2 protein chains.
Amino acid sequence: MEEKTLSELLSEKVGEKDFKTLRALLHETNPVDVAEALAELPEREMTVCFRMLDKDTASEVFSGMEPDAQELLIRSLSDKELKEIVDDMWTDDAADLVEEMPANVVSRILAAASPETRKSINELLRYPEDSVGSIMTPDYVSLKETMTVDEALAHIRRVGLDKETVYTCYVTDARKLIGVVSARSLLIADGSAPIAGLMHRNFVSLNTDDDREVAAAEIKKYGLIALPAVDKEGRLVGIVTVDDAIEVLEEETTEDMEIMAAISPSEKPYLKTGVLETWKQRIPWLLLLMVSATFTGMIISGFEEALAACTALTAFIPMLMDTGGNSGSQSSVTIIRALALGDVTPKDVLTVVGKELRVAALCGLTLAAANFVKIVLVEMLLFKSLDFTPQGFLVVTAVCLTLMITILFAKLIGCTLPIAAKALKLDPAVMASPFITTAVDAISLIVYFFISTQILKL
Amino acid sequence: MEEKTLSELLSEKVGEKDFKTLRALLHETNPVDVAEALAELPEREMTVCFRMLDKDTASEVFSGMEPDAQELLIRSLSDKELKEIVDDMWTDDAADLVEEMPANVVSRILAAASPETRKSINELLRYPEDSVGSIMTPDYVSLKETMTVDEALAHIRRVGLDKETVYTCYVTDARKLIGVVSARSLLIADGSAPIAGLMHRNFVSLNTDDDREVAAAEIKKYGLIALPAVDKEGRLVGIVTVDDAIEVLEEETTEDMEIMAAISPSEKPYLKTGVLETWKQRIPWLLLLMVSATFTGMIISGFEEALAACTALTAFIPMLMDTGGNSGSQSSVTIIRALALGDVTPKDVLTVVGKELRVAALCGLTLAAANFVKIVLVEMLLFKSLDFTPQGFLVVTAVCLTLMITILFAKLIGCTLPIAAKALKLDPAVMASPFITTAVDAISLIVYFFISTQILKL
């Protein structure tokens, strides 16, 4: 709870007008923690504290705040103060800010920014959402292959403060990206060595129009600190840094989880989303699934006579439906995640089906055996809700057989639907529990009624 | 499919004994891609290609391979070759290797390693699983505060090649961590400036016994490239780098998803897990959930008479159960993810409940209305499976009322159970769909039978 103490401390010092301690406190705290603490203060105190910040940390603190706190701050800053912050922010953060703010605030921001910054922001805003261009920053270090290591280091010393990373440098020729060199190799190499000999010509790069998910995946795969993004002509236009990649990975995972739980994904944190908005995210899927669940009802209606003739059958419907649904979800979630991580690709479909069917057979046998024992002990002998007669045993047989067949179908559907979706370039996450459950419900009932009418001769 | 071409190309060149092209090909390809391509080759070709690698990339390629390929390679390497690779690997990767290999291979690895490496590996292996110590590496750059920038840069030049990162350097005094300084500030600062004036004394650090999830979360939060880990006396013993943090984040997410789908988590990729192992991950939960689902069956048995008196009621059971389950899953998954991301904490419980109940009321009304229209149009007028009579309308009323109440309960349970789990220091992910579905099934049936017996006077 250190953050809480910090915001309380700040508030106290503002109240006591002890600006010396306040400034010292703000100076020695990590900007990320300052941003968090400021967000908990009332508007006036937040503004007072923000004005106490060193010039070079102010923009960092500002970038770390949530949009609503940023908007409050902007409204209380003078144009001059705003200009300093905007020009000092990384261009990708400034572009994100412009995207989040209401129109009147945006025009103030753009008016405050230097012409150069304004141009860069506008360029970034032109890239499609979820593209590499939308998350990259133009604040990278660019070198020439004719430079020596000493010249390169001198260049980094000059421009390094304004670059989001100096640890990977990009070698360009007429703006075309031709090589990548790490600060580590510059630091270790001889000062007179030419960059051309140090740089890697076989670098990983992406196009600005590529999906941002691909950028995150490449950064993860190759353990990069930054990934260069080029335009269609191979000209370097920006870099994606590892911290942005982590954010993308987390956002995409959240999106996957939401889709898997039958929710339309949202980019806002839970507590910042309104009730109506949450309702809009959830209701279409509930409606769709409710309508498909009525097919299950129609199957039951079709077998009303059989159920009326042997009422004991009804009691097993929820267990069969739930167990089928759970078995299917296990397979679908496993496969969806494996597809997302690249552990499984559509060409593995036969291996996957073979494995799932064998697992399903084992699970089916185990569950059927457990179920048989349970029905005999609990339902027949303890509660006597099912007769301990040949007829009763036929019911048990029907239930156990249905269980095994349902699990086979459930795991088969659970593993093939996500792979099929992937092969069709759809999002596999849609084929998660709710859809599988609905499909498996129908199948389990059809199997159940077919088997029980046959066995019990209803 | 570039990787596939690469492994085919390699195989072709091995066949042609065109070692010059082979060596060039291996040299110009990213080690991560080489590792991937080698894994697809038959053992003999893999060994031939591996021996062609430059000394300094061999260990990098080796680290990037899967354990089964690593084992094959080790078995075909001489002790001298093995020694070179092990001594060249990052210590954390070497420790991981030792953990994965069978005993006879482990003793060869440890025998091959230099005494120093062996000691470091053994120290790392002593940290508990999932601790910061288990993922850290001792290969960091350590500086003294009395050094000047130039002295520090000279030190980095000397040791930099053997350090996992040189971009964050750690300032120690009698092994105690007293400050952190970035390579960026060293590069930008004046050569004669003392380190004491450049370093941050307020750094983020963790204890080796802390949870590795915390390390990943801090690296994400503060945008770090590496995080220092200290022992109980505050002595620096290792660093966790951002690439390891990404891996931890991904693994923890996979674990969460598995638990949410009622699967015991596994660390192995799907295709590497055997059928029996997968069965063991899945069957305990299926058994548990099957047993709890039988309570639902007991509720139905208790109302057999009412169902026999009005058989139309049975057909709506699956729709009510499924819609309740889906509504509950939406809430539970949303809250579980928000808890994992830190967007929601247990103290937000009242806000969350208030919001979920309002969303539930809206969803309930919408679904009840849609359901009413659907039953009248489809069941009553089209299929005539329900009578268009006052009695029929009483059934519809009972179904719609149940739907609304079930959704309220489902969303209430769905949002409170994960928060309760978190408050009790349990894993919120356990409180996901399968458990919610089972609980909501029982509730929806009790509500359904209570309301319909009252309304229909059964």
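In what order do the three strands of the open sheet S4-S5-S6 of chain A pair, and what is the pairing: parallel, antiparallel or mixed? The order is S4-S5-S6, and the pairing is mixed.

**Basis**

This is a predicted model, in which local features need pLDDT of at least 70, side-chain atom pairs count only at pLDDT 80 or more, and totals for chains, interfaces and linings use all residues. Residues are numbered from 1 along each chain as its sequence is written, while chains are lettered from A and ligands numbered from 1 in the order in which they are written.

**The open sheet**

Helices (H or I, at least four residues) and strands (E, at least two) are DSSP runs, numbered from the N terminus; two strands pair if DSSP finds at least two bridges between them. Strands S4 (206-207) and S6 (236-241) of chain A are at the edges with a single partner strand each, so one side of each has no neighbour in the sheet. S5(A), residues 226-230, runs antiparallel to S6(A) through five bridges, with A:Val230 opposite A:Leu236.

**Strands S1 to S3**

S1(A), residues 142-143, and S2(A), residues 168-173, run parallel and are joined by two bridges; A:Ser142 faces A:Tyr170 across this pair. Six bridges connect S2(A) to the antiparallel S3(A), residues 176-182, and A:Val171 lies opposite A:Gly179. The S2(A)-S3(A) hairpin has two residues between its strands, and A:Ala174 in the turn has a positive phi of about 50°.

**Contact between chains**

Chain A and chain B each give 93 residues to the contact (C-beta atoms, placed from the backbone, within 7 Å).

Notes: Contact = placed C-beta atoms within 7 Å.
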